[in-house]
Amino acid sequence: MVLADDGERISVAYDAPAAGAAEGLVLVVSHGFTGGWRRPDNRAIAVALKDFGGVVSYDSRGHGASSGVTTIGNQEVLDLDAAIGYARWLGARRIVTAGFSMGG
């Protein structure tokens, strides 16, 4: 768990990079409106992206194990910022964000 700037608890997951992936690169994946990092489709995306670098996935507020209620994108930028902060804490030197639907 990490905290968004407004105090919501955001559930995060980290997938270590596969052998040969770019060193210091972390991709932060933001799910769509009905998603979450534990869903099979989002897990498949994270596993595929491990070939390029480490992967941080998270549940936006009101989804999965995160606290709060969804604002359909208005405050979810704070959740993304918290996930990016987690990637930096992990030591990422380069961060790429990728999102789908609301997460885009």
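A salt bridge is a side-chain nitrogen of Lys or Arg within 4 Å of a carboxyl oxygen of Asp or Glu. By this rule, the predicted model holds five salt bridges.

**Close-up 1. D6 and R61 form a salt bridge.** The closest N and O atoms are 2.7 Å apart. The pair links distant parts of the chain, 55 residues apart. D6 sits in the loop between β1 (2-3) and β2 (9-10). R61 sits in the loop between β5 (54-58) and α2. D6 is partly exposed, at 38% relative accessibility. R61 is buried, at 2%. A network of salt bridges links D6, R61 and D79.

**Close-up 2. A salt bridge joins R43 and D15.** The N to O distance is 2.9 Å. Here too, distant parts of the chain are linked: R43 lies in helix α1 (residues 40-49) and D15 in strand β3 (residues 12-15), 28 residues apart. R43 is partly exposed, with a relative accessibility of 21%. D15 has 11% and counts as buried, because the cut-off for buried is under 20%.

**Close-up 3. D41 pairs with R39 in a salt bridge.** N and O are 3.2 Å apart. D41 is partly exposed, at 39% relative accessible area. R39 is partly exposed, at 36% relative accessibility.

**Close-up 4. Y86 and W89 make a stacked aromatic pair.** The structure holds one aromatic pair. Its ring centres are 5.9 Å apart, and the planes meet at 15°. The pair counts as stacked because planes under 30 degrees apart meet that cut-off. Both residues lie in helix α2 (residues 76-89), three residues apart, about one turn of the helix. W89 is exposed, with a relative accessible area of 66%.

Key
Residues are numbered from 1 along each chain as its sequence is written. This is a predicted model: local features need pLDDT of at least 70, side-chain atom pairs count only at pLDDT 80 or more; totals for chains, interfaces and linings use all residues. Side-chain values use heavy atoms; hydrogens and water are left out. Rings of Phe, Tyr and Trp (its six-membered ring) pair if their centres lie within 6.5 Å; planes under 30 degrees apart count as stacked, over 60 as edge-to-face and the rest as tilted. Helices (H or I, at least four residues) and strands (E, at least two) are DSSP runs, numbered from the N terminus. Buried means under 20% relative accessible area, exposed over 50%, partly exposed in between (1.4 Å probe, protein chains only).
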